[in-house]
Amino acid sequence: MSSLPHLIENNRKWAARIEREDPGFFRKLAAQQKPEYLWIGCADSRVPANEIVGLLPGELFVHRNVGNLVVHSDMNCLSVLQFAIEVLKVRHVIVCGHYGCGGVKAAVDGTPNGMIDNWLRHMTDIYRRERENLKSLDSPESVVDRLCELNVVEQAYNVTQTSVVQDAWRRAQELNVYGWIYDISDGLLQDLGVRFSSPADT
Ligand code: CO
């Protein structure tokens, strides 16, 4: 017997609903996945990738970590990128942050949180670099929110600098990288006006 019966029960209802709306859905999906989008987002439970953009299983390839970071030496993220771009041939990579991100807050307030501080260091670096510009903001919340935006821009740029994306552009594969931010207080996404479609954009 499952120790989390309510989740298994939810799953049965969910699968039945999808199958009712589109008979054969899972059978078709089992044969292949052909998503057009790769989502790189925060692990935060309030930012569920598929639901936010109204996409079904099979339509969005997803990588999530604390703070939606794209670190040049992170084999996990790089492997996802490579598989998505070279095998699945996604055409769009969306880096999506969110306001009020706990990772960004921790990077700003500097209180020790143990091992995760090493990961958040990448965000602390952005904060250190931007600290002077952030001084004009009137509240600690607006500093965090602005840093959430700056972090998205930085991570979208990092995507473009990976060998995977550089190689794709070299062989003229269509690939666009976007920077978006999600507001957990109203459920709305905002395009930060970041879009890289070729080396000339970077
Ligand atoms: Co977050």
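Begin by selecting Phe83, which is partly exposed with a relative accessible area of 36%. In this tour, buried means under 20% relative accessible area, exposed means over 50%, and partly exposed lies in between, as computed with a 1.4 Å probe on protein chains only. The structure is a predicted model, in which local features need pLDDT of at least 70 and side-chain atom pairs count only at pLDDT 80 or more, while totals for chains, interfaces and linings use all residues. Residues are numbered from 1 along each chain as its sequence is written, and side-chain values use heavy atoms, with hydrogens and water left out.

**Aromatic pairs**

Rings of Phe, Tyr and Trp (its six-membered ring) pair if their centres lie within 6.5 Å; planes under 30 degrees apart count as stacked, over 60 as edge-to-face and the rest as tilted. Searching the whole structure in this way gives five aromatic pairs. Because Phe61 belongs to strand β2 (residues 60-65) and Phe83 to helix α4 (residues 75-87), the pair ties together parts that are 22 residues apart in sequence. Helices (H or I, at least four residues) and strands (E, at least two) are DSSP runs, numbered from the N terminus. Phe61 is buried, at 17% relative accessible area.

Next, select Tyr157 and Phe196, whose ring centres are 6.3 Å apart with planes at 65 degrees, so that the pair is edge-to-face. This pair links distant parts of the chain, 39 residues apart: Tyr157 is in helix α7 (residues 140-160) and Phe196 in strand β5 (residues 188-196). Tyr157 is partly exposed at 35% relative accessibility, whereas Phe196 is buried at 9%. Trp14, Phe25 and Phe26 can then be selected together, as they form one aromatic cluster.

**The cobalt ion**

Centre the view on the cobalt ion. Its protein donors are Cys42 (SG), His98 (NE2) and Cys101 (SG), at 2.1 to 2.3 Å from the ion. Cys42 in strand β1 (residues 37-42) and His98 in strand β3 (residues 92-98) link distant parts of the chain, 56 residues apart. Donors are N, O and S atoms within 2.8 Å of the metal (3.2 Å for Na, K and Ca); water is not among the atoms, so sites may look incomplete. Cys42 and His98 are both buried.

**Salt bridges**

A salt bridge is a side-chain nitrogen of Lys or Arg within 4 Å of a carboxyl oxygen of Asp or Glu, and the whole structure contains 12 of them. Select Asp44 and Arg46, which form one at 2.7 Å, N to O. Asp44 is buried at 15% relative accessible area, while Arg46 is partly exposed at 44%.

Move to Arg91, which forms a salt bridge with Glu174, with the closest N and O atoms 3.1 Å apart. Arg91 is in the loop between α4 and β3, and Glu174 in the loop between α8 (163-170) and β4 (176-183), so the pair ties together parts that are 83 residues apart in sequence. Both ends are partly exposed, Arg91 at 34% relative accessibility and Glu174 at 43%.

Then select Glu149 and Arg146, whose side chains meet in a salt bridge of 2.7 Å, N to O. Both residues lie in helix α7, three residues apart, about one turn of the helix. Glu149 is buried at 16% relative accessible area, whereas Arg146 is partly exposed at 36%.
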